[in-house]
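Thanks for coming. I have one structure to go through this morning, and I will keep it short.

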Amino acid sequence: MIEVKHISKKYNDRVVLDDISVQFPKGKVTSLVGSNGAGKSTLLSIVSRLLTPDNGLVLVNGKPLTDYKNKVLARHLSVLKQFNHIGMKLTVQELVAFGRFPYSENRLNVDDQKIIANSIRYLDLENIADSFIDELSGGQKQRAYLAMVVAQDTEYILLDEPLNNLDMKHSVQIMKILRRLADELGKTIIMVLHDINFASHYSDYIVALKDGKIKYHDRTENIIEENILKDVFDIDFVISNSGSKKVCNYFNH
């Protein structure tokens with residue numbers, strides 16, 4: 001389990017996170033939601049060890065995040081940032097192979113090659129495995145980066161806006177893959193999402209932030225309520241049911 005205890009962060013005089021404490025259960029999908037500037041990406045970056053908090057600590061499997069050596073942490077936790085750019089001419093297969101670096105350090109063995117092949121297959125990339133990353137569509141690129149994360153084979157997968165710049169079709173495809181990673185492989189997914197309907201349909205838990213604080217944290221079905229969403233986003237919502245899921249329609253006066 002990942003546990004955040006009394007995390008605070010500010011830039012100059014602006015408080016971005018204010019005494020945040022939260023637990024992320026293993027094997028579940030948790031979405032961080034909230035308006036721009038609520039502190040979602042900052043919190044994810046601190047849990048990812050990409051940012052250092054001013055106060056508090058993060059525990060990964062009961063051990064402080066700061067106590068992990070980089071190579072060891074990379075076997076527990078993988079991160080997919082909002083914007084990814086590699087300044088090399090790489091094929092999909094070569095990119096996915098980077099996921100094995102914490103284990104092989106570029107000396108790939110037979111087991112590494114099997115994991116790479118399985119990751120490419122899992123993300124349905126076999127037909128473009130030899131294609132160059134810079135020649136792919138946005139959806140294909142995102143699946144390639146996810147395949148690299150799958151090849152890294154960590155307990156925890158942290159994603160900052162994984163649907164950034166994707167159309168509806170590819171967004172649904174990515175969310176279904178993330179759901180499968182939790183359900184089939186037991187991965188713990190923690191991600192920042194802007195689309196509340198995607199969070200509603202694919203998350204087990206939602207953490208709603210506002211003004212640097214956690215306003216609500218509960219199972220998804222308990223968060224997707226008109227009064228709660230209005231409180232978080234400062235706009236009106238109408239919730240309707242679609243099968244077993246809730247659909248959020250919002251509007252401004």
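K215 is partly exposed, at a relative accessible area of 38%; buried means under 20%, exposed over 50%, and partly exposed in between, with a 1.4 Å probe and protein chains only. Before I go on: this is a predicted model, where local features need pLDDT of at least 70, side-chain atom pairs count only at pLDDT 80 or more, and totals for chains, interfaces and linings use all residues. Residues are numbered from 1 along each chain as its sequence is written, and side-chain values use heavy atoms, with hydrogens and water left out.

K215 sits in strand 10, residues 213–219. Strands are DSSP runs of E, at least two residues, and helices are runs of H or I, at least four, numbered from the N terminus. Leaving aside neighbours within four places in sequence, K215 is in contact with A208, L209, K210 and D231, contact being heavy atoms within 4.5 Å. K215 and D231 are 16 residues apart in sequence, and their C-alpha atoms are 8.6 Å apart.

Now the helices. Helix 6 (residues 138–152) and helix 7 (residues 168–185) pack at about 15°, with axes 10 Å apart. Axes are lines fitted to C-alpha atoms over the stretch in contact, and angles run from 0 to 180 degrees between N-to-C directions. The pair is therefore roughly parallel, the term for angles under 35 degrees. Helix 6 contributes G139, Q142, R143, L146 and V150 to the contact, and helix 7 contributes H170, Q173, I174, I177, L178 and L181.

Last, N241 is in strand 11, residues 236–242, and counts as exposed at 62% relative accessibility.

Methods:
Parallel < 35°, antiparallel > 145°, perpendicular 65-115°, else oblique.
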